[in-house]
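Have a look at the fold first.

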Amino acid sequence: MEKENIILTGMPGAGKSTIGIVLAKVMGYDFVDPDLLIQKEKGKFLWQIIDEVGIEGFNAIEEEVNSKIQAVHSVIAPGGSVVYGPRAMEHLKSIGTVVYLDVDLELLEKRIGNLERRGVVKKTGQTLKHLYDERLPLYHKYADVIIHENNDSISETVASIVEEIGKLKKR
């Protein structure tokens, strides 16, 4: 399988889905949202699945779904917790370039709203800062490209991704 996919990782609120859809249009790629694949497969919202099977159960479902994605010329925007699944991340890295959308914690807090209803995988009492600190090393571990998008517009972020992907292809 060609390694012609772009996988967007990052915290909830980083804009993976929004940027992913625009990026896919700009590049003429398909867009794949694994969270929607999970919801379709289970017939429930993410937060309902998390309530039902717990964090470990959800992580297992997420890893399984992301490990099976077969796509070419697609922008794939998995949930932020996908980095907890090494099998899923190795699979995604094998089929594409992993782009970490880096956003400062303060900006994420302004963007997010209700973590529970958003289907964010977090332990009871865990804050966004705890999640950020826990996930940051994993995002960096798997990233082929890091895009610092803080105050950039969607089009500026997309242009940065296209530019960085172009640099990688020239190597």
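In what order do the five strands form the open sheet? They run E2-E3-E1-E4-E5, with parallel pairing. This is a predicted model, where local features need pLDDT of at least 70, side-chain atom pairs count only at pLDDT 80 or more, and totals for chains, interfaces and linings use all residues. Residues are numbered from 1 along each chain as its sequence is written, and side-chain values use heavy atoms, leaving out hydrogens and water.

Helices (H or I, at least four residues) and strands (E, at least two) are DSSP runs, numbered from the N terminus. Strands pair if DSSP finds at least two bridges between them. E2 (30-32) and E5 (145-148) are the edge strands, each with a single partner, so one side of each has no neighbour in the sheet. From one strand to the next, the twist averages 25 degrees. E2 pairs with E3 (residues 74-76) over three bridges, and Val-32 has Ile-76 as its bridge partner in E3.

Angles run from 0 to 180 degrees between N-to-C directions, with axes fitted to C-alpha atoms, for helices over the stretch in contact.

| Helix | Lies across | Angle |
|---|---|---|
| H1 (residues 16-27) | E1, E2, E3, E4 | about 160 degrees to E1 |
| H4 | E1, E3, E4 | about 115 degrees to E4 |

H4 (residues 86-95) also meets H3 (residues 46-67): their axes come within 8 Å and cross at roughly 20 degrees. That makes H3 roughly parallel to H4 (angles under 35 degrees). Residues making this contact include Glu-63 of H3 and His-91 of H4.

Terms used. Parallel < 35°, antiparallel > 145°, perpendicular 65-115°, else oblique. Contact = heavy atoms within 4.5 Å.
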